[in-house]
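Colleague: I am new to reading protein models. Could you take me closely through how the strands here sit together, and then follow that to whatever lies beside them?

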Amino acid sequence: MMPVAYKQKLEGKSNSHLITFNDGNDYVVKFYQTGFEKSLANEWVGYCLGRYLQLPIPFGKIIDVTQEFSGQFPDLAEMSQIPYQFASLYIPNCQDGHDVETIHEITNHCSLAGVILLDYWLFNRDRTRKNILLHETGPNQFHLWMIDQAEIFGGYAWSQTEIENLPDDLIKSATHQLMASFIKKEEQFFQELEYIQTIPILLLEEIMALIPDEWNVTKEEKKAMVTTLVTRRHKVLPEVIRKFIKYVYRPLHEKRSRD
Ligand SMILES: Nc1ncnc2c1ncn2[C@@H]1O[C@H](COP(=O)(O)OP(=O)(O)OP(=O)(O)O)[C@@H](O)[C@H]1O
Ligand SMILES: [Mg+2]
C-alpha cells in the first residue's frame, strides 16, 4: 500500500497524520517518535487482539511511508524517518465521546463488554472520551468505534520491568462507565473472558514477531509481553472483572431500575 496524497495533521499528542493511499482510502498514520517508543508496537498489538475478538476497531496495517513521499510535506518531513508506521482506516463522520451529549442507544452494544475486557487485559488507562468514536446511525443512536491503543501496557514508553508488574486494580474511566451503562447482560463479560482465555499462545507470539525490528522492541520485551498477557488473562482478568461488575456495572444498572 502506497501513500498518494497528504491531507492534514490531526489533533493530539501522537502527531497523527491523515493520508490517502493507493487503495483509495484515507488512513490515520502514526509515526515512530522519540519519547513514545512503544506506541506503535502498542497500537499493533492492541489492534490485532481487538480484531481477533471482533471488536469495533478500525482496520489497521503496518505501512511504510517513504522518505521520498514525506519529504514533500513539511509536517511529515519533520517526523522520524524510521521505516514503518501504523495506519488506521479513517472512519468519516464521527464525533468523539466529548462531542456527543445524548446517547439513547449504541447499536453495537454487544461489543462493549469486549472493549472493557480488552482494556483491562492490556492495562489501557487511556480509554478516554476522545478514544472512542461515535457514528450517528439515527436520532441519538450511535455505532461505537474504539481507537488509540497507543497507551496499553501502562503507557507509550513502558520498560520490561513495568510490563512485568502491571497493576491489577480497577481503572477509573468515565468512558468505561458510559459503555457499561449500555451493556445488557452481565454474562457478556464472562463470554468475552472465555474468548480471551482461549486465544492460542502461538497467535500472541506471531503478533509480536510481526513488530518491525526498526521499532526497537527487543526479543526479551516481546517475550515479556506474551508472558504478561498469558498471566493476566488467567490470574488478573477474572478477579478484576468481578470487581468491575460489582463496583461499576451493577450500581449503574441498579440505579437505572430504581429511576
Ligand atoms: N480510525 C480513525 N478514524 C477517524 N478518526 C480517527 C481515527 N483514529 C484516530 N482518529 C482521530 O485522529 C486523532 C488522533 O488519534 P489518536 O487518539 O489515535 O491519537 P492521539 O489523540 O494523538 O493520542 P493521545 O490520545 O494519546 O493524545 C484524534 O482526533 C482522533 O479522533
Ligand atoms: Mg487519543
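**Strands, and what lies beside them**

Modeller: Let's begin with one pair of residues: Tyr27 has Leu89, in strand S5, as its bridge partner. This is a predicted model, where local features need pLDDT of at least 70 and side-chain atom pairs pLDDT 80 or more, while totals for chains, interfaces and linings use all residues. Residues count from 1 along each chain as its sequence is written, chains are lettered from A and ligands numbered from 1 in the order written, and side-chain values use heavy atoms, without hydrogens or water.

(A strand is a DSSP run of E with at least two residues, and a helix one of H or I with at least four, numbered from the N terminus; two strands pair if DSSP finds at least two bridges between them.)

S5 has another partner to show you. Strand S4, residues 60-63, pairs with S5 over four bridges, in the antiparallel sense. Here Phe86 of S5 is the bridge partner of Ile62. How covered is S5, residues 85-89? It is mostly covered, with four of its five residues buried (under 20% relative accessible area with a 1.4 Å probe, protein chains only; exposed is over 50%, partly exposed in between).

Now look at the open sheet of four strands, in the order S6-S8-S9-S7, where the pairing is mixed. Its edges are strand S6 (95-96) and strand S7 (105-106), each pairing on one side only. S8 and S9 are antiparallel to each other, over six bridges; within that pairing, Glu136 has Phe142 of S9 as its bridge partner.

Asn131 (OD1) and Asp148 (OD) coordinate the magnesium ion, ligand 2, at 2.1 to 2.2 Å. (Donors are N, O and S atoms within 2.8 Å of the metal, or 3.2 Å for Na, K and Ca; water is not among the atoms, so sites may look incomplete.) The two residues are 17 apart and link distant parts of the chain: Asn131 lies in the loop between helix H4 (112-121) and strand S8 (132-138), whereas Asp148 lies in the loop between strand S9 (141-146) and helix H5 (160-164). Asn131 is also buried, at a relative accessible area of 6%.
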